[in-house]
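Colleague: I would like to go through the salt bridges here. Could you take my questions one at a time?

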Amino acid sequence: MTVQGALENPPDDRTALQDGLRLVAVALTDAQIPFALVGGYAAWARGAPEPSHDADFAVPEEDVERAKAAIAAAGLVVEQPAENWLFKAFHHGQLVDVLFRMVGEPVTRELLEHSDELEVLAVRMPVLGATQIVSTKMRVLGEHACDFGRLLAIVRALREQIDWDVVRDDVRDHPYGKAFLFLADELGITGRPHREVRVEPGRTGTASADAP
């Protein structure tokens with residue numbers, strides 16, 4: 001297709017997003033920048049439902065400027081928002097987020113080592129491990145972002161790939177993450193034996209099944 005034809009017949013949103021994902025992965029690979037596919041598309045690459053909103057990559061904080069240059073050279077529109085933990089790249093209006101901080105912590109090469117090279121949309125790229133994907137998603141749950149339904153679909157699909165002991169330790173100081181983990185336990189997703197719990201109206205604590 002000619003450039004003029006591409007302008008007159010832009011790809012649909014799903015195709016544009018997938019093309020943007022591929023272009024970013026190839027650009028980072030060619031620039032020899034450590035990175036990993038993270039977030040919803042990383043979960044999808046490992047067997048979860050496909051997301052539709054955006055794609056996410058992680059790069060070390062010290063490589064941000066090189067990553068911006070490489071992605072811009074690949075033809076995407078790169079923007080730096082007010083947030084100080086990511087930058088954005090657009091392909092035909094579809095968003096690829098490039099994160100250099102996750103859950104408030106800088107992305108490090110050590111984190112990226114928890115990745116496997118997988119083929120995603122016909123491009124081989126490092127994909128963050130299922131344990132780290134789920135741990136991150138559980139730790140960003142909060143009062144204004146608490147979609148248990150979407151996360152349930154992911155953990156059901158990835159349950160056998162997840163080290164639940166690691167996740168349990170990671171979310172110990174995150175109330176919303178612990179609440180989701182309790183739900184996953186009760187649904188039999190984590191493999192932890194069920195514990196009968198009764199919560200009485202107006203009380204925040206738990207009572208044993210034989211309490212009055």
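Colleague: Which residue forms a salt bridge with D63?

Modeller: R109 does, and the closest N and O atoms of the two are 3.1 Å apart. A salt bridge here is a side-chain nitrogen of Lys or Arg within 4 Å of a carboxyl oxygen of Asp or Glu. D63 lies in the loop between β2 (55-58) and α4 (64-73) and R109 in helix α5 (residues 109-112), so the pair ties together parts that are 46 residues apart in sequence. Helices (H or I, at least four residues) and strands (E, at least two) are DSSP runs, numbered from the N terminus.

Colleague: Is D63 buried or exposed?

Modeller: D63 is buried, at 5% relative accessibility, while R109 is partly exposed at 35%. Buried means under 20% relative accessible area, exposed over 50%, and partly exposed in between, with a 1.4 Å probe and protein chains only.

Colleague: Which residues are linked with D63 in a network of salt bridges?

Modeller: The network links E62, D63, R66 and R109.

Colleague: What is the basis for these values?

Modeller: This is a predicted model, in which local features need pLDDT of at least 70 and side-chain atom pairs count only at pLDDT 80 or more, whereas totals for chains, interfaces and linings use all residues. Residues are numbered from 1 along each chain as its sequence is written, and side-chain values use heavy atoms, with hydrogens and water left out.

Colleague: How many salt bridges are there by this rule?

Modeller: The count is 13. Among them, R150 pairs with D147, with the closest N and O atoms 3.5 Å apart. R150 is exposed at 55%, and D147 is partly exposed at 41%.
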